[in-house]
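Here is a short tour for anyone who likes to check contacts by eye. Please open the sequence and the model side by side before reading on.

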Amino acid sequence: MIREPRKPIIIPEDVKPSRDFLKVDGVFNCGAAKLGDEYILLCRVAESCREQEEGYVNIPVYDERAERLKIERISLEEIRNRYDMSDSRMIYRKNAGGIKKIKYLTSISHLRLARSRDGIHFKMDEQPALPLQGRYERWGMEDPRITYMEEEGRYCITYTAVSDLGVMPALLITEDFEEYERIGAIFPPENKDVTIFPRKIGGLYYACHRPVPCEIGTPDIWISSSPDLLHWGEHRHLCGVSEEGWENGRIGSGAPPIYTDRGWLHIYHGADAENRYCLGAMLTDLTEPGKIIAKSRRPVLEPVEAYEREGFFGGVVFACGCVEKDSVLSVYYGAADDKIARAVVPLDEIFRSMETEEAK
Ligand code: MAN
């Protein structure tokens, strides 16, 4: 993949905070689509409190009853005694029975639209695309993916609704990115990385998703089908983490699958045990989308540039959206969980980088 010379293409300074008591920590992991002649990115914007009081950590959370953000105040002493702050993204409860239990996120995310004529220079909206809503969004909305449903002329947007009840995939539908219909939760927690295929296959909708098994199993990619986008079944395991190497920790679907004459092209992410996130590519059968035809053995993109290695959470390239034009793929990805970057690759190059399953 060739990185855009203007790198990264969107940084936190380009984004206006949604409230005056907040600051923008990151703009990253964006869904991508074409709307008329425009390129649209629906970005995840993470914000935290601009001011911190001496001896406390202030955390913004959404109060669904009052329908506004409120600030939770935790004393540093309590944090020292009960919590672990070694991960910039969250605060863990110590000694939670051997399980790493997240007690707070350090920021709260919403979705924000950016528009462009050339796919490189984007103008960010000044306000969130839509407000947080309900019990399941207490800790925010994250990682949107946009699928343009070719036969229906509407866009399906999946994202993760995050709260103390868990991380849960939800669905929005829009025709114009001005009005959104909230369909609600489509999988129970903990699940994330839902990408919907852009057309029906054998009369059914298909989606990849990533359940997070707790006791047995690893965070792998699954595939399911649905007659109506709301009720999902026929759950099947699609692809697992590797024994060793760049994708031995977790994998998840990245951008929604792209129709090509060779099969469904998936750009997905894989992380190792040290949380270093790379991108991989996979091809699945056009009529049996749960059947893998070929897969990249090495990453197609790794966090090597300074802006990918350093940031809010360093060592991360994480794609939620691609746009294909004239057989060239533009991949929009989050870099180090605080910026948006773009890389391009001809489809032929991607195909060449993959090995057929039999040849493995
Ligand atoms: C999580 C994802 C993303 C994020 C990566 C890296 O698993 O949901 O939100 O980019 O971790 O921090």
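## About the model

This is a predicted model, in which local features need pLDDT of at least 70 and side-chain atom pairs count only at pLDDT 80 or more, while totals for chains, interfaces and linings use all residues. Numbering starts from 1 along each chain as its sequence is written, and side-chain values use heavy atoms, with hydrogens and water left out.

## Around the ligand

Which distances separate polar side-chain atoms from ligand oxygens? For arginine 44 the value is 2.7 Å, for asparagine 29 a side-chain N or O atom is 2.9 Å away, and for lysine 192 the distance is 3.2 Å. Of the 310 Å² of accessible area that the ligand has on its own, the protein covers 92% (Shrake-Rupley method, 1.4 Å probe).

## A three-stranded sheet

Now for the sheet: three strands form an open, antiparallel arrangement in the order β6-β7-β8 (strands are DSSP E runs of at least two residues, numbered from the N terminus; two strands pair if DSSP finds at least two bridges between them). β6 (83–84) and β8 (101–105) each have a single partner strand, so one side of each is left without a neighbour in the sheet.

Two bridges join β6 to β7 (residues 90–93), and tyrosine 83 has arginine 93 of β7 as its bridge partner.

Methods:
A polar contact is a pair of N or O atoms within 3.5 Å; within protein, one must be able to donate a hydrogen and the other to accept it, and residues adjacent in sequence count only if both atoms are side-chain atoms. Helices (H or I, at least four residues) and strands (E, at least two) are DSSP runs, numbered from the N terminus.
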